Each structure stands twice: as structure tokens, then as C-alpha cells.
Amino acid sequence: MRVALQVTCVNDAMFPDTGKAVVRLLRRLGVEVDFPQAQTCCGQPMVNTGYLDEAVPVVRTFVDAFAGYDAIVTPSGSCAGSARHQHSIVADRSGDPALVAAVAETGPRTYELSEFLVDVLGVTDVGAYFPHRVTYHPTCHSLRMLGVGDRPTRLLEAVRGIELVDLPNATECCGFGGTFALKNADTSIAMGADKARHVRDTGAEVLVAGDNSCLMHVGGLLSRQRAGVRVMHLAEVLASTEENDA
Amino acid sequence: MSGTFVGMPAFPTAAREALGDTQLRRNLAHATHTIRDKRAAVVAEVEDWEDLRLAGAAVKEAALRDLATHLETLEESLTRAGATVHWARDAEEACAIVAEVARSHGVDEVVKVKSMATGEIGLNEALEAEGILAWETDLAELIVQLGDDLPSHILVPAIHRNRAEVREIFRRRMGDVGRPAPDDLTDEPAVLAGAAREHLREKFLRAKVAVSGANFAVADTGTLVVVESEGNGRMCLTLPEVLVSVVGIEKVVATWSDLDPMLRLLPRSSTGERMNPYTSTWSGVTPGDGPQEVHVVLLDNGRTRALADDVGRQALRCIRCSACLNVCPVYERVGGHAYGSVYPGPIGAILNPLLNGVADEQTASLPYASSLCGACFEVCPVRIDIPSVLVDQRAAVVDSHRGDRVPKAEAVAMKTAAWAFSDSRRLAWAEKASGLAGRVLGRFSRTTLPGGRTAAGRLPGPAAGWTGARDLPAPPTESFREWWDRTDGGRT
């Protein structure tokens, strides 16, 4: 099985440790991933802001970079959702039958990390060790666009040493929403403030999610409040071991 | 005697103002969570809810696919049953028809059943300009009307008010337009409802003409259906001599049996009840029983525009249940007024641009009034994929500006990003620049994020929208791409 890592533009530029954690985790589970250097972004920022024409060359870059792989693994529910559900919209818009055919190949082979671990590799205990009080926020796109269900929490429950506590109103959006966070900053912050309050109410030291963009938003608010809560991507928790603590 | 949405600012501005209203925030959080939980509980009782949603969507989809035929059938059935059918292209035509009916009976007032279509066309204001007063008889609409206020929710238009505010409105305003509130009025819900009952009873008994909308219009039997909770609607539908119903053309369903899934979906989705309390159905005129003159105004007002939109067409399936409003995290915090329309919330964010186009700035701001979290789609009883329509309407907004002489800053930013994202070498270069910036920002930063990373500090320009309230990590000095290159994917 040829497996490619789609690290995502946000992780590439801002959160490289998440990408490294995916590589370390999958290697531990016996999967060597490729990192196709031609990859850039899934095109979601353009699509979700309405710039469909602008998204066409970005999606083309995506399908060119990942052509021929059996599985494309990404540490982002949002980017997996973009590849699976939005690339076809962009391809239709391009009027290019070759692009339509190409996204029909790459879309279904794109897996969010927890899906790849649970559904493709068939593991829930990945041998991780993380002795901290943790709460998990299910990001909207992983939950409602992909339907990852309880896969992430099953993975977390199997982590040794972890104290996993429920997040109140967990399924409510954190307010990030891509360019929504800038175009409607006040509303975004109001939503994020409530999410941060629920996180603080759990007494957790670490907030975990499968999308660093959402974590950048909630984490940015928690940090500004000096709340004493750090945010971590699911991949980094799952990659942690006694020898290599995150 | 009511406010107007005309001249409302674009959503971000209106939302900012609403977010500062602490009473509104408290009222909305309480009300939306209450209805949300109630809905979730009664929907969970139905084992085949998903099948029911599919059935509801199929009924509406079938009706829309062959809309012209069903409307002609509806017109024939209604005419045969003794009703007079009018066709209205837009709000102005519809209002003129209703005014003409009222004038022909020499009345200076009408009673109204709660109706979204008449709110959409601004009927009350149009009638008032003709010297005809339109009395709202739905309790929440009455609160809005007496308060010179605007509706902020489809189902419960006074959701932004709490009972203390309602008491104050009743005490202050009821006497101006009819029977005053009793002196010992408290804010107990039963006492407030009692005062409204006494106040409205006079109007029901006096009115010669009533105006309604309809939740459904059955083509083969010529039956209109009104679904309501209070019984005030039924008073209007049965007591006056003349009844005028303004019905959007998308309300048509083909057959009587098509009502089956709809009437099971609607109450659970809207009020969180298993069954609707007052469901009134009437087919034209029945001699000696109810109104003896029945008019039906079939309203387009942008609906054929929406119908022509391949992606947006599904919005016409909407049965105005409000489930999407009640679960929407944006609506929950800013309320309905910020949307500048009688149709607020997620459905309003797609319906208004579909009906009216995106030429004006206010309407063009609505598709962006969402974080695309998808909670609306999850609860929609007729499976309208609101997030997909929102994205499609955003594309409509962007496309409408493609010919601009001076492109917006956002368009320039998006084109630049797309250029960088179209070639990994360009992206790698940008990441190097960002790494350098990170080094500089890190040096000036006085904030360490939990976990040890350095924060970027407060940024200028558009990024200030981010760092005004949220810390941002300084970009790392090495991107993932560079790390992979340097270490052969961590192997060396």
C-alpha cells in the first residue's frame, strides 16, 4: 500500500510538529509514508470564501501531487472534507473532464488520520502514553462532513496514562470557520469564548482536536486568557510514548 | 406601527452591535438551547427519522420539479371550490391585491394569522399606507407589533424578548390600540397570555376580513393548510366573512397524502412537539360555514429566480420550521435582527440572496454569516444542504465582483494565495519568508504560549482581526517541508 501524507498548508507552515508526529506514529505502526513535495493546499480557503476559479489550479496541484497513491492521510478533518466533498465542485467549475476524473480518484482515497488508523489499519490502541488530563473537541468538519464519529475518542481512550474528560457542549462549533474568523471576527470570538469557557470548566490541562486551525483559534483565546490550558493535535498525543513525550 | 429592515447594515456590523446586548445574549442562549434540546428529545423517539426526512425532501422535490403543472392544478381545484385565485409577481402586486380585497369590503382593519410570506412582502406597512390597520394575532407577532419591533425568529419572532420585557410592552402599548392590559399584570406566562387573549378577542369578534399565509397548498384538492400552536390562527380562519391567503408558490404539494410526512416532520422540528396542536385545513368556500369569500394570492417574489439556481433550488423545500436557527451557533449569539430580513439564521442566509440576488451589500454579506459548521444541515427536516448552498452563494457574490475595476483586498489576497498554492516551489519560498518573519516576531514577543511556543504579538492590518482577541504562535523557523528535506523524513 502506497501511503502519502497530506500535511496541509497550515501544518506545513505553522505546525510542523503535527506532521512530524504523524510520520512518527505511522512509522511505529509499520507504515512508511511518502511526502510528495509537490503538495501545497487542498484549496479550501478559496472554495469556502467563494473563489472557485482561483481554487482550480490549487486542486489541480493537489491531484497531481497525490496521483497514484492508495491512501492519502491528512491530520485534518477539514482538509479531508475538502478533498472528499468540495474538489468535485471545483472540478465541475473548471469544465475540465480530466480534472473531474482525477478528483474522483483522489477524493475517496483521502482519509482523516483517525479514519486511517481505525478503518484502514484497524487499530485503536496505537501504543501511546500521555499522562495528562485531556478534553477532546470534535471539530465540525470531522464530525459532520466526514462522520468520524467516536473514532478519535476510541483512540484517545486507549492511550495509557490519559485522563479523558467530557467537554460540555462538545459538538458546538468553536467559531473558527476559516475566513469567517476574520470576516466576522466578533461573532467568531464570541463563539470561541464560550468554547474556551467549556474547556476551562473541564479542568483539563490539554485540549485535543483533529484540526490545528480550530485549535489555533481556541488556543489563541485560552492563551490570551492565561487559562493554563495548552492545545495539542490528536496526532501529537497519539505519537507520544514514554521515551518520546510530547 | 412596526419597524423596518430597510437600511440595515451588513451582517458583521449588525452582529457586532447585537453581540454587545447582554440581555439579548442571555435571552437567546436560554431560548435556543431550550428548543434545541426539546427537538432533539422528540426526534430521537422516531426510529425512522432519517427515512421520514428523505420522504419529506422527496415530496417537496417532486412538487418543485413540476411546479408549473402543480400550480395550475391548484388553481383549478381552488377555483372549483369557490376560491378566487390571484397571481402576484412581486411584493407590490401581492400587497395591492390584498388591499383591493379589503377596500372592496370597506374595512379599515384586518386580522392576521402569523405568516412569513406577508412579512416578506411588507404587507402590514403597505396596508397601513392605504389606511388599513393589520392586527397581528399570533402572540409573539403581537409582542413584536406592540413593541414597534422587528421579528427575530421564524417560529418565535419575539424570541429576543424575555417575560419582563413582554409585560412592559403590554402595559405600555395595549391601551393605545385596544383593550389595555389589566392593572395587576405580572410577568407570569399564564397572566401575560390571559391579557393577550382579552385584548385579541375584541379584534377577532370585530374583524370582517382576515389575512393568512399557508404552510402547505394541496394541488389536487385545492386545500390550504395552516399549522399553528395557539388557536388564534383558527379564530382568524373561521370567524371573519372574508379570508385572503398569501401563499408562496413553493408551498404547493401534489396530493393530500403528501401531507403525511410533512405534518410528522414539522412539529417535532419546530416546536419540539410530537403533534401539532391546531392544524386548520380549508378548501375554498363552504356555504354557511366559515368565510364566504376566499381569496388565494399565489406569490412569486423571487421564487422562480431561486428555482432557476441548480444548487440553491433546494432552499425552496424549506417548511419554515426554524430548526436550523435553533441549532446555529451564529444565530444563538447574534439573534435574528442582524440578518436584516424576516428570514434570519442559516436558512435566511441562503434564502435572501436566492430570492433577491446579491447586488446589495447587506444581502451579499449573508452567505458569509456562517462558520460552515453544518449543524443546520444535520437538523433540517427536508435535508437542505445549507452549507453547500452557502458556499455556492459565496461564489455568486465573488463572481458578481469579477468585473470590478478596482478589486477588493480580499480578492487580491485570494488570487495571491492561489498563485502560491499552485506551485510548491512558490509555497516553499513563502514559508521561508514566514520563517524569517517568525524569527523577527519571536524576538520582539513578550508572550510564551502554554506548551512553550513563542507568540507573534499583536499584528497590524487584517491580521489585527485575529490578534485583537487571540494569541497567535510565531511561525516556526523551519517548515515541515524543510524538516522533511533536511532529515529525509526523520530517518537521519
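Predicted model: local features only at pLDDT ≥ 70, side-chain atom pairs only at ≥ 80, totals over all residues.
Figure 1. Of the 492 residues in chain B, 50% are buried. The chain contains 23 helices and 10 strands. Taken along the principal axes, the box filled by its C-alpha atoms is roughly 90 × 55 × 50 Å. Among contacts in chain B between residues at least 6 apart in sequence, those joining residues at least 24 apart account for 74%.

**Figure 2. The contact between chain A and chain B.** Chain A gives 57 residues to this contact, and chain B gives 54 residues. On the side of chain B that touches chain A, the elements giving two or more residues are helix 1 (11-19), helix 15 (329-334), helix 18 (375-379), helix 19 (386-400), helix 20 (409-421), helix 21 (424-444), helix 22 (464-467) and helix 23 (480-487) of chain B. Sorted by class, this side of chain B consists of 33 nonpolar, 11 polar and 10 charged residues.

Figure 3. A:F66 counts as buried because 23 other C-beta atoms lie within 10 Å, where the cut-off is 20 or more. Leaving aside residues up to four places away in sequence, A:F66 touches A:A4, A:Q6, A:P36, A:Q39, A:I72 and A:T106.

**Figure 4. A:F66 and A:A102.** In sequence, A:F66 and A:A102 are 36 residues apart. In space, the C-alpha to C-alpha separation of A:F66 and A:A102 is 9.8 Å.

Notes: Residues numbered from 1 in each chain as written. Chains lettered and ligands numbered in written order. Contact = placed C-beta atoms within 7 Å. Helix = DSSP H or I, 4+ residues; strand = E, 2+ residues; numbered from the N terminus. Nonpolar A, V, L, I, M, F, W, Y, C, P; charged D, E, K, R; others polar. Buried ≥ 20, exposed ≤ 12 C-beta atoms within 10 Å, placed from the backbone.
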